[in-house]
Amino acid sequence: MTQLALVIDLNVCVGCHACVTSCKEWNTSGWAGPLTDQRPYDADPTGVFFNRVQTYEAGVFPNTETYHFPKSCLHCEDPPCVPVCPTGASYKREDNGVVLVDYDKCIGCKYCSWACPYGVREFDEQQKVMKKCTLCIDRITDMSLPESERKPACVLACPTRARIYGDIHDPDSDVSVAIREQGGYPLQPEWGTKPSNHYLPRRKTRIQIHEDELVRVDNPLKKEELPTLPEAGETLDDVAW
Amino acid sequence: MHPAFSVIFLTTLIGVGQGLFLALYTGQLYALANLLPAQSSNFYAVGSMVSLVLLFAGLIASFFHLGHPERAWRAATQWRTSWLSREVLALPAAMGLIFLYGTVHFFDLTKPLFVISGTLPVDFSLIIGGLGTLAVFGLFLCTAMIYASLRFIKAWYSPLTVANFLFLGIGSGFMLAAAFSAYQGTSLVSFYGTWAVIATLFGLLTRVATLYRNSQFRCKVDLKSAVGVHHSQLEQKAQGFMGGSFNTREFFHGRSHGLLNLIRYAFLLMVFAVPVILILLAYALESETLPLLAFGIQYLGLILERYHFFTEAQHPQNLYYQSMA
Ligand code: SF4
Ligand code: SF4
């Protein structure tokens, strides 16, 4: 079984919103569109987005860390939003695990949005149906595209490569390796929804380097600057092996 | 959650309608057992009519909640998994049976079909009424489970939710039955009034228990788990947009604490205290109008109660919309 998903690396996301705009652009003009807006150029603009980037701050000034946190449908393996739908408009694809809404069946009762704990389904006030991230289903299944472009628009747009896309059920895929080796975690795991999208935490790579590891004590070129060596004959460094 | 008036009217109106039908059928059963005087067929027919009108009004209200009411029939398809779908089936089933029940009484098709052990004459109305009672209880269950099955919304995720819908529906329905029989000048006022008071008091018990429960619990998840950053000082700085979104409109009630407190006291008075006192007064004064007043006040109280029910619910998605810098 395939379960397509995104892995989002919070260590490198810079919060540029490139994924947000490319998502909106692709999906408003594609199969899932339009993603309508109300009052886009007025006070209090609002509209449908599949993907939003929020910002959080941990710590107390000046010792703070900023987290840019992209949030979209996590394509849960056990999605609570699907069984509650009275019409069958919400469904999970058997072949690749993507959770979708059939806009032609949706009656706009909003019940699915109540049943999703992540708040990633958005009601379209103009088309009166429920919308959500499709993982760019029309791109990733389009065999006329070259393999390198068969990816969600957000993944292709991300300038820092903070978004990795692949099959989390294939243990050798990029996403599985990243989750396994970089400490990937799901959101709100308490509910047992088994989100497919994972996040990679902040990681700091530091090595301990001591002063004497950088400076060769008996460097002949720096003989004057260095304390004179005790007369102990040759050191290990002087031996030609 | 943001309280939607379409759903408030749907749940309160069908609750009264279902309760009224149960009251009529209970009256018929008591009359059958010679515990109450038998009523004219007109009483049952008009009563069923009123119940049907209430259920129909609830159905109409529910359509205002939908983005695409013309596709509503599709909502009947997923009854295997969705309580909402089950409600969509149970509501017309109950309405159909109540309609049949009223029709059978209206046309006096109440000749006994057969007699059980020489004492219990069984006619059409008894059988249809029995099936109707099942459908009505099923409908109560479905309506309540729409809310009680959402495990993320802890304020609703409890058998108390089912008990509240049941007792408040039956209480208000019997209250209306008391008002209706007072209006028709039948002798059933005190019978219905007594049961209305009993159901209302049970409702008081479960509703207050719910309020207490909801004032105690904490959500299972917090911001740390929602974002996955397990830092003791974690604060939101941006929501990803400057204007509003579906997420900030649908899941927040936006009402002040003071107003909600006021609504809570108001519904506790109007649903429970005042109607019970009025019914007791009506009994003492043998008044014909007080039961009607009791029902009217209780119904207005129920609207406030349902409003409060929605504002009580804290959705976990709200964790992502706590502040903007
Ligand atoms: S994140 Fe929400 S909308 Fe997406 S599959 Fe999970 S429960 Fe459904
Ligand atoms: S809003 Fe549409 S997709 Fe969601 S539960 Fe209702 S019918 Fe299903």
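**Stop 1: Ser149(B)**

Select Ser149(B) and show its surroundings. Not counting residues up to four places away in sequence, Ser149(B) touches Tyr111(A), Trp83(B) and Tyr157(B). Keep in mind that this is a predicted model.

Now colour chain B by secondary structure. Ser149(B) sits in the loop that links helix 4 (124–148) to helix 5 (159–184) of chain B. Is Ser149(B) buried, partly exposed or exposed? Its relative accessibility is 26%, so Ser149(B) counts as partly exposed. From Ser149(B) to Pro159(B) is 10 residues in sequence, and their C-alpha atoms lie 9.4 Å apart.

**Stop 2: chain B as a whole**

Zoom out and show chain B as a cartoon. Its secondary structure comes to 10 helices and three strands. Trace the chain from the N terminus. The elements follow the order α-α-α-β-β-α-α-α-α-β-α-α-α. Along its principal axes, the C-alpha trace of chain B spans about 75 × 45 × 35 Å.

How much of chain B is buried? Of its 325 residues, 54% are buried. Turn on contacts next. Take those in chain B between residues at least 6 apart in sequence: 78% of them join residues at least 24 apart.

**Stop 3: Thr11(B)**

Select helix 1 (residues 5–32) of chain B and find Thr11(B) in it. Thr11(B) has 4% relative accessibility, under the 20% cut-off, so it counts as buried. Which residues does Thr11(B) contact, leaving aside its neighbours within four places in sequence? They are Thr143(B), Tyr147(B), Phe165(B) and Arg306(B).

**Stop 4: helix 10 of chain B**

Select residues 290–312 of chain B. This is helix 10, with 23 residues. From its first C-alpha to its last, helix 10 of chain B reaches 32 Å. That is close to the 33 Å expected at 1.5 Å a residue. Now show the rest of the structure around this helix. In helix 10 of chain B, 17 of the 23 residues are buried, so the helix is largely enclosed by the rest of the structure.

**Stop 5: a sheet with strands from chains A and B**

Look closely at the chain A pair. Strand 4 (residues 51–60) and strand 5 (residues 63–72) of chain A run antiparallel, joined by 10 bridges. They form a hairpin with two residues between them. Click on two positions in strand 4. Gln54(A) stands opposite Phe69(A) in strand 5 of chain A. Thr55(A) has His68(A) of strand 5 as its bridge partner.

**Stop 6: the two ligands**

Select ligand 1. Surrounding this ligand are 13 residues, the closest being Cys73(A), Leu74(A), Cys76(A), Cys81(A) and Cys116(A). Colour the shell by class. Around ligand 1 there are 10 nonpolar, one polar and two charged residues.

Move to ligand 2. Which residues are closest to ligand 2? Cys85(A), Cys106(A), Cys109(A), Lys110(A) and Cys112(A) are, in a set of 13 that surround it. By class, the shell of ligand 2 divides into nine nonpolar, three polar and one charged.

**Stop 7**

Focus on strand 1 (residues 4–9) of chain A. It pairs with strand 10 of chain A in the antiparallel sense, over five bridges. Click on Val7(A). Its bridge partner in strand 10 of chain A is Ile164(A).

Notes: Residues numbered from 1 in each chain as written. Chains lettered and ligands numbered in written order. Predicted model: local features only at pLDDT ≥ 70, side-chain atom pairs only at ≥ 80, totals over all residues. Heavy atoms only, no water. Pairing = 2+ DSSP bridges. Helix = DSSP H or I, 4+ residues; strand = E, 2+ residues; numbered from the N terminus. Near = heavy atom within 4 Å. Nonpolar A, V, L, I, M, F, W, Y, C, P; charged D, E, K, R; others polar. Expected span 1.5 Å × (residues − 1). Buried < 20%, exposed > 50% of the residue type's maximum accessible area, 1.4 Å probe, protein only. Contact = heavy atoms within 4.5 Å.
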